[in-house]
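Have the 3D view open as you read.

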Amino acid sequence: MSENTRRIEQRTWGFAGPVARRYEFDRGLGAFIVGPTAGGKTIASARRCLRAALWQQPSPRDGWRRARIFVVCPTYRIAWDSVIPSYLKVMDRPWGKWNGAKGDPADHLIQIGGKGPDGQGPVEVDVRFRAVQDLDLDEFFRGKECTGFWLPEVDTHKSVSYTHLRAHETKAN
């Protein structure tokens with residue numbers, strides 16, 4: 001059993017409440033959560049990154065289940081002041097490989113060899129923290145090869161409107 005697998009098995013994750021629990025396990029496109037400050041939104045979103053890999057089918061090449069999640073913040077300041085510290089509380093910085101320095105992009109690669117926490121094959125989660133800065137969201141998202149996106153504080157993105165989000169959700173369905 002790998003050290004990462006042992007850490008997962010030893011960890012008991014509680015839930016902030018029934019809404020956070022439903023959101024964390026929701027496999028649908030366009031899952032959003034809204035709630036009060038310190039209501040568990042970021043914790044549930046960070047854990048969804050790991051769950052996204054668990055939901056994947058094993059690669060026919062090597063048997064690994066992989067997910068790449070882009071965490072898209074309006075600015076790197078927002079990412080480093082709020083999102084990344086909360087994420088690291090959930091994922092524990094020494095767990096996996098961390099690259100990035102304050103004010104810049106950051107990446108967190110978690111590999112769980114052997115059997116994953118669900119008893120299935122190995123799992124890899126590649127979480128990439130990026131900031132839109134002054135780019136248009138359509139321009140920013142173009143060419144990203146990933147499993148999913150996490151948009152913390154989505155209503156603070158300059159080029160986002162709920163109409164814009166609904167248009168992308170409709171295209172995806």
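## Two helices side by side

Start with helix α2 (residues 18-25) and helix α3 (residues 41-54): their axes come within 8 Å and cross at roughly 25°. That makes α2 roughly parallel to α3, since angles under 35 degrees count as roughly parallel, over 145 as roughly antiparallel, 65 to 115 as roughly perpendicular and the rest as oblique. The axes here are lines fitted to C-alpha atoms, for helices over the stretch in contact, and the angles run from 0 to 180 degrees between N-to-C directions. Helices (H or I, at least four residues) and strands (E, at least two) are DSSP runs, numbered from the N terminus.

The crossing of α2 and α3 is right-handed, meaning that the near helix is turned clockwise from the far one by less than a right angle. On the α2 side, the contact (heavy atoms within 4.5 Å) is made by Ala 20, Tyr 23, Glu 24 and Phe 25, and on the α3 side by Lys 41, Ala 44, Ser 45, Arg 47, Arg 48 and Arg 51. Sorted by type, these residues come to 4 nonpolar, 1 polar and 5 charged. For that sorting, Ala, Val, Leu, Ile, Met, Phe, Trp, Tyr, Cys and Pro count as nonpolar, Asp, Glu, Lys and Arg as charged, and the others, Gly among them, as polar.

## A word on the model

This is a predicted model, where local features need pLDDT of at least 70 and side-chain atom pairs count only at pLDDT 80 or more, while totals for chains, interfaces and linings use all residues. Residues are numbered from 1 along each chain as its sequence is written, and side-chain values use heavy atoms, with hydrogens and water left out.

## The whole protein

Zoom out and you'll find 6 helices and 5 strands. From the N terminus on, they run α-α-α-β-α-β-β-β-α-β-α. Among contacts with a separation of 6 or more, 59% join residues 24 or more positions apart.

## Ile 69 and Asp 126

Ile 69 lies in strand β1 and, at 6% relative accessibility, counts as buried. Leaving out residues up to four places away in sequence, Ile 69 touches a list of residues including Cys 49, Ala 52, Phe 149 and Trp 150. Lys 144 is 75 residues away from Ile 69 in sequence, yet 9.9 Å away in space, C-alpha to C-alpha.

Ile 69 also touches Asp 126, which sits in strand β4 (residues 123-131). Is Asp 126 buried or exposed? At 10% relative accessibility, Asp 126 counts as buried. Its side chain is joined to that of Arg 128 by a polar contact of 2.9 Å. (A polar contact is a pair of N or O atoms within 3.5 Å; within protein, one must be able to donate a hydrogen and the other to accept it, and residues adjacent in sequence count only if both atoms are side-chain atoms.)

Methods: Buried means under 20% relative accessible area, exposed over 50%, partly exposed in between (1.4 Å probe, protein chains only).
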